[in-house]
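Grab a viewer and work through these exercises with the model loaded. Each one gives a task, then a solution you can follow step by step.

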Amino acid sequence: MKMFKWLRGVAAVLTFAVAQPVLAETDYGFSNEQTKRTVDTFTYGIEQCATVDVVYRLDCLRQTYSQTVRVISKASVYWEAEVALTRVNRGLYSFVRANMDAEVGRARVNGGRIKAVTEESLPQARAQYMAAVDRAAEEMRSGSSVEARYFEPIAEAILASKELLQ
């Protein structure tokens, strides 16, 4: 009887040890669908931003990041990517607010009204945006192997957005 209990205990431990790597891949709550939804939201916003004049693109990018953060925030396991995207969003918000061109009216894109920044501030905007995006992509890529797998498409999408300001 003791031998039976002991064998059952060993079997349970072995089952857990063998199943743990499989559970680690699926139990966290990451999903290809959530990642795709996040990338699609961001990509659609970037496509819309490409249609406006460059002085409006920073605020359009801010709006795109904001919409993407709302989508990604619905899945708590994506919080590290959410934090990285929120940092970029806040940097854009601060820059647009500090460098807004009051003489130029607002434009309408992607369901919102966006503000223009001054022409003189564009070189500084480019430099700050490039650095912020590089940092966010690096943060998303530096997590666990599971996080990196799901965050990589998001990191690639935000890195591709740098073309909008070049």
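**Exercise 1.** Leaving aside its neighbours within four places in sequence, which residues is Val96 in contact with?

Solution. Keep in mind that this is a predicted model.
- Step 1: find Val96 in helix H4.
- Step 2: look at its accessibility. Val96 has a relative accessible area of 3%, so it is buried.
- Step 3: list the partners. Once neighbours within four places are set aside, Leu58, Asp59, Lys115 and Val117 are in contact with Val96.
- Step 4: Val96 and Ile114 are 18 residues apart along the chain, and their C-alpha atoms are separated by 9.8 Å.

**Exercise 2.** Work out the overall makeup of the chain: which elements does it have, and in what order do they run?

Solution. 
- Step 1: count the elements. The chain has six helices and two strands.
- Step 2: read them off from the N terminus, which gives α-α-α-α-β-β-α-α.
- Step 3: check burial. Of the 166 residues in the chain, 42% are buried.
- Step 4: check the contact range. Take the contacts between residues at least 6 apart in sequence: 71% of these join residues at least 24 apart.

**Exercise 3.** Describe how H3 and H4 pack: at roughly what angle do their axes cross?

Solution. 
- Step 1: get the geometry. The H3 and H4 axes cross at roughly 155° and come within 9 Å.
- Step 2: classify it. The cut-off for roughly antiparallel is over 145 degrees, so H3 is roughly antiparallel to H4.
- Step 3: assign the handedness, which is left-handed for the crossing of H3 and H4.
- Step 4: look at who meets whom. On the H3 side you'll find residues including Leu58, Tyr65 and Val69, and on the H4 side residues including Leu85, Leu92 and Val96.

**Exercise 4.** Now take H4 with H5: how far apart are their axes?

Solution. 
- Step 1: the axes of H4 and H5 are 8 Å apart, and the packing angle is about 170°.
- Step 2: H4 and H5 are therefore roughly antiparallel to each other.
- Step 3: pick out the contact residues. Among them are Ala84, Leu85, Arg87 and Val88 of H4, along with Ala132, Arg135, Glu139 and Met140 of H5.
- Step 4: zoom in on Arg87, which sits in helix H4. Its relative accessible area is 39%, so Arg87 is partly exposed.
- Step 5: follow the side chain. Arg87 makes a polar contact of 2.8 Å with the side chain of Glu139. Beyond its neighbours within four places in sequence, Arg87 is in contact with Arg135 and Glu139.
- Step 6: compare sequence and space. Arg87 and Ala132 are 45 residues apart in sequence, with 7.8 Å from C-alpha to C-alpha.

**Exercise 5.** Decide how H2 and H6 are oriented: parallel or antiparallel?

Solution. 
- Step 1: H2 and H6 pack at about 5°, with 9 Å between their axes.
- Step 2: that makes H2 and H6 roughly parallel to each other.
- Step 3: name the residues that meet. H2 brings Asn32, Thr35, Thr38, Val39 and Phe42, while H6 brings Tyr150, Pro153, Ile154, Ala157 and Ile158.
- Step 4: focus on Thr38 in helix H2. With a relative accessible area of 0%, Thr38 is buried.
- Step 5: find a polar partner. A polar atom of the Thr38 side chain lies 2.8 Å from the backbone oxygen of Gln34.
- Step 6: leaving aside neighbours within four places in sequence, Thr38 is in contact with Thr68, Val71, Ile72 and Ile154.

**Exercise 6.** Find the largest nonpolar core: how many residues does it have?

Solution. 
- Step 1: the largest nonpolar core has 45 residues, and Leu58, Tyr65, Tyr78, Leu85, Tyr129, Met140 and Ile158 have the most contacts inside it.
- Step 2: see where the core comes from. Two or more residues are given by each of H2, H3, H4, E1, H5 and H6.
- Step 3: examine Leu85. Not counting residues up to four places away, Leu85 touches Tyr65, Thr68, Val69, Ile72, Met140, Ile154 and Ile158.

**Exercise 7.** Is Lys162 buried or exposed?

Solution. 
- Step 1: locate Lys162 in the segment after H6.
- Step 2: apply the cut-off. Buried means under 20% relative accessible area, so Lys162 counts as buried at 17%.
- Step 3: look for a polar contact. The side chains of Lys162 and Asp134 are joined by one of 2.7 Å.
- Step 4: finish with the contacts. Not counting residues up to four places away in sequence, Lys162 touches Tyr129, Met130, Val133 and Asp134.

Note on methods. Residues are numbered from 1 along each chain as its sequence is written. This is a predicted model: local features need pLDDT of at least 70, side-chain atom pairs count only at pLDDT 80 or more; totals for chains, interfaces and linings use all residues. Side-chain values use heavy atoms; hydrogens and water are left out. A nonpolar core is a set of buried Ala, Val, Leu, Ile, Met, Phe, Trp, Tyr and Cys residues joined through side-chain atoms within 4.5 Å. Buried means under 20% relative accessible area, exposed over 50%, partly exposed in between (1.4 Å probe, protein chains only). Helices (H or I, at least four residues) and strands (E, at least two) are DSSP runs, numbered from the N terminus. Contact means heavy atoms within 4.5 Å. A polar contact is a pair of N or O atoms within 3.5 Å; within protein, one must be able to donate a hydrogen and the other to accept it, and residues adjacent in sequence count only if both atoms are side-chain atoms. Axes are lines fitted to C-alpha atoms, for helices over the stretch in contact, and angles run from 0 to 180 degrees between N-to-C directions. Angles under 35 degrees count as roughly parallel, over 145 as roughly antiparallel, 65 to 115 as roughly perpendicular and the rest as oblique. A crossing is left-handed if the near helix is turned anticlockwise from the far one by less than a right angle, and right-handed if clockwise.
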